[in-house]
Amino acid sequence: MTPYEIMLSESQERMLVVVRRGAEERIREVFRKWDLESVPVGTVTEGGRLKVRFRGAKVADIPVKPISEGAPVLKRPTRPQENGAPLDLARLKDVANPLRALKGLLGSLNLCSRDWIYRQYDHMVRTNTIVRPGSDAAVIRIKGSPHALALTTDCNSRYCMLDPRAGARQAVAEAARNLACSGAVPQALTDCLNFGNPERPEVMWQFSECVDGITEACHALEIPVVSGNVSFYNETEGKGIYPTPTIGMVGIIEDARAAVQSSFQREGDLVVLLGRMGEELGGSEYLFQAHHREEGPPPALDLALEEAVQYACIEAIGEGLISSAHDCSDGGFAVALAECCIQRDAGVGAEVEIPAGARLDALLFGETQSRILLSLPQASLARIEKICEEREAPLAVLGKVGGNKMKVTVGGEVALQPAVSELRKIWRDALPEWMG
């Protein structure tokens with residue numbers, strides 16, 4: 001390769017590390033531990049110039065400032081997208097068969113179990129995994145310390161198509177919420193921003209709005225963006241993908257033993273909702289599956305409430321008060337409850353009651369944000385109520401874990417009462433059946 005190719009190549013899996021002089025051998029030890037090479041390539045100098053030598057000959061000697069700070073900024077034209085008519089729920093029939101709707105959601109490719117995929121590779125690498133795939137976040141121990149790392153990736157591209165800024169804010173919030181459900185305090189995020197052709201003003205507008213949405217959420221939740229990448233021109237026959245600003249986030253659990261999973265663990269535990277019940281169907285998976293519509297505003301996101309709910313959950317988990325925690329997201333309350341029941345191999349039922357609302361489908365399948373389903377011993381309730389009061393996080397006791405059915409009563413009438421085994425089979429078999 002020529003010097004030009006070496007300096008400008010975008011080969012992957014590389015990192016430039018600036019090392020204190022004298023620490024070189026320690027760095028080599030760390031790299032050898034992970035079967036990686038480490039090669040000294042230069043030194044930091046004064047003068048503000050980048051000097052490159054190749055086989056003993058100087059091939060570049062250029063000032064750094066024009067490259068790092070003075071590069072030209074390309075400002076492409078933007079044009080807000082035109083949205084269709086607003087979602088009119090009055091024109092849509094309320095759900096007549098909630099069980100059929102729930103089965104359809106659990107068996108959809110967006111919500112079904114992914115274990116057919118992750119069981120085909122080693123997800124217990126170096127025996128560090130504490131919480132395996134399938135929960136809200138993976139949890140990996142840090143050997144030699146009491147701490148653990150929690151990791152997750154999130155994005156709802158339908159939300160971002162309907163409202164790019166709101167969808168990007170939600171992606172950050174959901175990633176942080178998933179970490180909170182494991183007991184981790186979010187530390188940093190990386191983003192993978194995927195869009196169509198930025199030469200089209202509406203796509204450039206989507207990109208700009210998503211970046212601003214990520215910024216707003218990160219400022220509110222105090223989470224730094226430490227890295228990321230952008231992928232443009234994702235189109236087929238002139239039609240671009242939905243804007244998809246995928247968020248990867250990492251958090252720290254101070255005591256690895258405190259980490260919890262999303263599935264119910266013990267019969268007799270209380271089922272508690274952190275956050276508020278809502279009736280928002282815009283952009284929901286239910287609206288798409290049941291009515292073939294991708295319309296309406298995505299669910300509203302109150303970042304102050306989001307932070308309160310997350311840190312109430314983190315504090316309760318840290319004190320050992322919680323048996324399980326699972327966020328309500330795609331598919332809404334009914335899907336979240338079902339996932340709590342069916343994710344363990346044996347499965348376990350629950351019986352809950354929620355107040356009636358204007359629409360049954362919105363209560364069961366609406367995707368109102370900032371909600372976490374907890375299970376906990378009766379003895380933990382008083383302390384958790386105190387935590388939520390101090391953090392101004394809404395809390396409601398809904399019912400109990402137990403039995404072999406998922407019973408949901410709405411306003412005094414039974415809306416759902418399926419066998420857990422039936423729901424689990426639909427959820428587990430959907431992807432293998434689709435793959436043939």
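Me: What is the strand order of the open sheet of 6 strands, and what is its pairing?
Reply: In this predicted model, the order is S3-S4-S5-S10-S6-S7, and the pairing is mixed.

Me: What makes strand S3 and strand S7 edge strands?
Reply: Strand S3 (129–131) and strand S7 (225–231) each have a single partner strand, so one side of each has no neighbour in the sheet.

Me: Why are strand S6 and strand S10 called paired?
Reply: Pairing asks for at least two bridges between the strands. Strand S6 (residues 185–194) and strand S10 (residues 244–253) are joined by 9 bridges, so they pair, and they run antiparallel. Within this pair, Cys192 stands opposite Thr246 in S10.

Me: Which helix lies across S6 and S10, and at what angle to S10 does it run?
Reply: Helix H7 (residues 164–182) does, running at about 25° to S10. Helix H7 also lies across strand S4 (138–141) and strand S5 (148–154).

Me: What makes the pair Asn178 and Asp154 a polar contact?
Reply: Such a contact needs N or O atoms within 3.5 Å, one able to donate a hydrogen and the other to accept it. The side chains of Asn178 and Asp154 make a polar contact at 3.0 Å. Beyond four places in sequence, Asn178 touches Asp154 along with Asp136, Ala137, Thr152 and Asp327.

Me: How do you know whether Ser370 is buried or exposed?
Reply: Ser370 has a relative accessibility of 2%, and the limit for buried is under 20%, so Ser370 is buried. Ser370 is found in the loop between helix H12 (360–365) and strand S14 (372–376).

Me: Which side chain is joined to that of Ser370 by a polar contact, and which residues does Ser370 touch?
Reply: The side chain of Glu306 is joined to that of Ser370 by a polar contact of 2.7 Å. Leaving aside neighbours within four places in sequence, the contacts of Ser370 include Glu306, Arg177, Leu274, Asp302 and Val309.

Me: What makes the phi of Glu13 worth a remark?
Reply: Most residues other than glycine have a negative phi. Glu13 is not a glycine, yet has a positive phi of about 55°. The place of Glu13 is in the loop between helix H1 (3–8) and helix H2 (24–33). With a relative accessible area of 79%, Glu13 is over the 50% limit and is therefore exposed.

Me: What is the phi of Glu237, and is Glu237 buried or exposed?
Reply: Phi of Glu237 is near 55°, a positive value in a residue other than glycine. At 84% relative accessibility, Glu237 is over 50% and so counts as exposed. Glu237 lies in the loop between strand S8 (235–236) and strand S9 (239–240).

Methods:
Residues numbered from 1 in each chain as written. Predicted model: local features only at pLDDT ≥ 70, side-chain atom pairs only at ≥ 80, totals over all residues. Heavy atoms only, no water. Helix = DSSP H or I, 4+ residues; strand = E, 2+ residues; numbered from the N terminus. Contact = heavy atoms within 4.5 Å. Axes fitted to C-alpha atoms, helices over the stretch in contact; angles between N-to-C directions. Buried < 20%, exposed > 50% of the residue type's maximum accessible area, 1.4 Å probe, protein only.
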